[in-house]
Amino acid sequence: MNLILNIIWLVLSGIWLAIGYAVAGVILCITIIGIPWGIASFRIASYALWPFGRTIEPHPTAGVASMIGNVIWILLAGWWLALAHLVSGVALCITIIGIPLGLANFKMVPISLVPLGYRIVPVRNG
């Protein structure tokens, strides 16, 4: 089922989200100071391509630098990215077929809001 949902997601919105996050990652990596956020943006882009069957969890070695970086990210980009995922998630949930895709958008809110200090891992079944 994850494969079918990922293919539908990819065609309807995943490719566009991934392209957006990848372009943002390139722009951020051009500046030396933006490299940590650029790498996080590339990580979110890979998650945006194929979200079903994967989840996010806190990285055990994340420290104060991740927290400070996340505060800067929230102020500059995180709040509007999270809001965009919320709005598109609600719009997708209006239709029955779009509910799983809307839920995938809601699942992306935490990592789009605070990307540093989290990692993307396969969902553990059982």
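## An aromatic pair

W9 and F52 are both buried, a word used for a relative accessible area under 20%, with exposed meaning over 50% and partly exposed in between (1.4 Å probe, protein chains only). The model is predicted, so that local features need pLDDT of at least 70 and side-chain atom pairs pLDDT 80 or more, while totals for chains, interfaces and linings use all residues. Residues are numbered from 1 along each chain as its sequence is written, and side-chain values use heavy atoms, without hydrogens and water.

One aromatic pair is found in a search of the whole structure. The ring centres of W9 and F52 lie 6.4 Å apart with the planes at 85°, so the pair is edge-to-face (rings of Phe, Tyr and Trp, the last by its six-membered ring, pair with centres within 6.5 Å; planes under 30 degrees apart are stacked, over 60 edge-to-face, the rest tilted). W9 belongs to helix α1 (residues 2-30), whereas F52 sits in the loop between α2 (35-49) and β1 (54-58), 43 residues apart; helices (H or I, at least four residues) and strands (E, at least two) are DSSP runs numbered from the N terminus.

## A salt-bridge network

Two salt bridges are counted, each a side-chain nitrogen of Lys or Arg within 4 Å of a carboxyl oxygen of Asp or Glu. R119 pairs with E57, their closest N and O atoms being 2.8 Å apart, and E57 also pairs with R124, at 3.6 Å between the closest N and O atoms. Shared partners join E57, R119 and R124 into one network.
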